[in-house]
Amino acid sequence: MENITNKSVSRRSFLKGAALLASIAVVPAALVSKEAAAAKMAKAALQYQDKPKGGLECVNCVQYVAGKSAKANGTCNVVEGDINPHGWCLAYAAKG
């Protein structure tokens with residue numbers, strides 16, 4: 001019976017194995033991050049309100065996606081559902 005502990009692994013074989021393991025680990029991670037990015041939070045979780053908070057309103061937020069007209073509701077990249085352009089939530093981030 002041959003002693004397997006004395007077997008040497010070539011550098012090429014080792015690198016091929018390492019690359020295969022790395023590619024297997026990357027695929028599920030990429031799928032999870034796409035799902036997480038697509039998930040939106042409920043309005044209540046972000047304390048969404050249909051009125052501005054001080055001078056802060058959705059129309060001036062980087063996450064806001066405008067509706068068909070300036071007065072129409074739009075959508076948000078973070079909050080689910082219709083979003084009033086004059087609303088506000090905790091995810092508010094001013095446009096630069």
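**Figure 1. Polar contact between the Tyr64 side chain and the Gly74 backbone in the predicted model.** A polar atom of the Tyr64 side chain lies 3.3 Å from the backbone nitrogen of Gly74. Along the chain, Tyr64 and Gly74 are 10 residues apart, and their C-alpha atoms are separated by 7.1 Å. Tyr64 belongs to strand E1, which spans residues 64-65.

**Figure 2. Surroundings of Tyr64.** Tyr64 counts as buried because its relative accessibility is 11%, under the 20% limit.

**Figure 3. Cys76 and Cys89, two buried cysteines without a disulfide.** The cysteine sulfur closest to that of Cys76 is in Cys89, at 5.7 Å, which is too far for a bond. A disulfide would require the two sulfur atoms to be within 2.5 Å. Cys89 is likewise in no disulfide, and its nearest cysteine sulfur is that of Cys76. Zero disulfides are found when the whole structure is searched. Cys76 is buried, with a relative accessible area of 6%; for Cys89, also buried, the value is 6%.

**Figure 4. Nonpolar surface patch formed by Val9, Phe14 and Leu15.** Together, Val9, Phe14 and Leu15 have about 330 Å² of accessible area. Phe14 is placed in helix H1, which covers residues 11-38. With a relative accessible area of 55%, Phe14 is exposed, since the limit for that class is over 50%.

**Figure 5. Gln47, a residue with positive phi in the loop between H1 and E1.** Most residues other than glycine have a negative phi. Gln47 is not a glycine, yet its phi is positive, at about 55 degrees. The loop that holds Gln47 lies between helix H1 and strand E1. Gln47 has a relative accessible area of 49% and is therefore partly exposed, as exposed residues must have over 50%.

Notes:
Residues are numbered from 1 along each chain as its sequence is written. This is a predicted model: local features need pLDDT of at least 70, side-chain atom pairs count only at pLDDT 80 or more; totals for chains, interfaces and linings use all residues. Side-chain values use heavy atoms; hydrogens and water are left out. Helices (H or I, at least four residues) and strands (E, at least two) are DSSP runs, numbered from the N terminus. Buried means under 20% relative accessible area, exposed over 50%, partly exposed in between (1.4 Å probe, protein chains only). Contact means heavy atoms within 4.5 Å. A polar contact is a pair of N or O atoms within 3.5 Å; within protein, one must be able to donate a hydrogen and the other to accept it, and residues adjacent in sequence count only if both atoms are side-chain atoms. Patches are made of residues with over 30% relative accessible area and no salt bridge: like charges are joined within 9 Å, nonpolar side chains (Val, Leu, Ile, Met, Phe, Trp, Tyr) within 5 Å. Accessible areas come from the Shrake-Rupley method with a 1.4 Å probe; for residues, only the protein chains shown count as cover. A salt bridge is a side-chain nitrogen of Lys or Arg within 4 Å of a carboxyl oxygen of Asp or Glu. Lists of a residue's contacts leave out its neighbours within four places in sequence.
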